[in-house]
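Try each task before reading its solution.

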Amino acid sequence: MNIINIEIYTICIIFCLCVDYIIKYKINKDKNTILLLLECLSIILLSSINILIYLQNSSPIVQSILICLFFVFASVPILLQCLHVNLNYLFPNVKKIKICIFHYIYFILYSFSVLATFLFYPIYEHNIDSYMQASQYKFLLLLILIPILLTFIISIIKKQKINPKIFFALSIPIVGILLDVFINKGTYINVAYTLSLLMLYMLKYDQVINRDPLTGLYNRRFFNNFKFDKDKLNVVYMIDVDNFKTINDTYGHKVGDQTLKKIALSINSSIRLTDYAIRYGGDEFIVIAELKDKAEINKIKNRIYKKLKEVSKTSEFEISVSVGTEIFDVINDEIDEVLFRADKRMYEEKDEKKKHI
């Protein structure tokens, strides 16, 4: 299979994905929808440029311009993917424009690097293979990895809980870029982008089915279908927001929704990668944790309290929750009984707080 055929198949796959997305989810102004469709368009554009390059029917000047455009636009899909992660997971409370500025600056600097390389290190065999074999052009491809590596580093520093599948999707282009650097073809990057996009699309489908649209946590449907491991210590945390009705009545439902988002983010950042945070309904949340021993039960609970105290300091009103915990014995217990007991303990804690007011 030659490279032109591969690029045509890539365009067909991306086009079908776009059509399927539009039919299923419609076009709206949601930032994730816009980013996904922009990424689709950027991959189609990149594949189209590569097809024109390999047709080799144009003049050397046109070929050089096409190859220059290939290197410039090769950075766009991964920039959009990193922007998706930054907006949704690493900096959800930061203004979008501030996050976008970094990506714009990187794209401008990278584009200047490409133009400078073409001006100062011209190659007179105007085909993609000769460019890919030159070390300075391999370096340009490696520069594309900067946004991905920065995203990984920031997530480690911030200790932010992110779906491992998203990181895997971001890792696929790294493989494609390295293959292009060492095998000198200029097409693996596009195949890698397509595979990465398909994985993100599947995650989007999972998000629509199993995620709460307001908080981004798992929803009740996910909880109802969750399979507990009978060989592990399963702990269920029932979490309820204190005085949420008062917050809604005093400050309005918009502020109430923003409060739920803050609480959801605090819960999600307080648990481990192996735990599950769920919005059960209204202002009720559930955390499912598989622990090694009972001594760990209070650690998660205390981390949630500590995180919410920090959030409360920046709010004009107190944000707090009450938590009830219960161990779920998969063999001997029914999940409804466990939820009832956890709910009871949560209300006991809530009553205890009222006594000390």
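This is a predicted model: local features need pLDDT of at least 70, side-chain atom pairs count only at pLDDT 80 or more; totals for chains, interfaces and linings use all residues.

Residues are numbered from 1 along each chain as its sequence is written, and side-chain values use heavy atoms, leaving out hydrogens and water.

**Exercise 1. Work out the strand order of the open sheet and find its edge strands.**

Solution. Start with the elements: helices (H or I, at least four residues) and strands (E, at least two) are DSSP runs, numbered from the N terminus. Two strands pair if DSSP finds at least two bridges between them. Four strands give the order β2-β3-β1-β4, with antiparallel pairing. β2 (276-281) and β4 (321-328) are the edges, since each pairs on one side only. From one strand to the next, the twist averages 25 degrees. Now zoom in on β2 and β3 (residues 284-291): five bridges join these antiparallel strands. Within that pairing, Ala277 stands opposite Val287 of β3.

**Exercise 2. Describe how helices α2 and α10 cross.**

Solution. Take the axes first: they are lines fitted to C-alpha atoms, for helices over the stretch in contact, and angles run from 0 to 180 degrees between N-to-C directions. The axes of α2 (residues 31-55) and α10 (residues 188-210) come within 10 Å and cross at roughly 160 degrees. That makes the two helices roughly antiparallel (over 145 degrees). Next, list the contact (heavy atoms within 4.5 Å): α2 contributes Leu36, Glu39, Cys40, Ile43, Leu46 and Ser47, while α10 contributes Asn190, Tyr193, Thr194, Leu197, Leu200 and Tyr201.

**Exercise 3. Is Ser312 buried or exposed, and what does Ser312 touch?**

Solution. Locate Ser312 in helix α14 (residues 297-313). This helix lies across β1 (233-241), β3 and β4, and runs at about 165 degrees to β4. Ser312 counts as buried because its relative accessibility is 16% (buried means under 20% relative accessible area, exposed over 50%, partly exposed in between, with a 1.4 Å probe and protein chains only). Leaving aside residues up to four places away in sequence, Ser312 touches Phe317, Glu318 and Ile319.

**Exercise 4. What is the phi of Asn243, and where does Asn243 lie?**

Solution. Recall that most residues other than glycine have a negative phi. Asn243 is not a glycine, yet has a positive phi of about 55 degrees. Asn243 sits in the loop between β1 and α12 (244-251). Finally, with a relative accessible area of 54%, Asn243 is exposed.

Note on methods
Angles under 35 degrees count as roughly parallel, over 145 as roughly antiparallel, 65 to 115 as roughly perpendicular and the rest as oblique.
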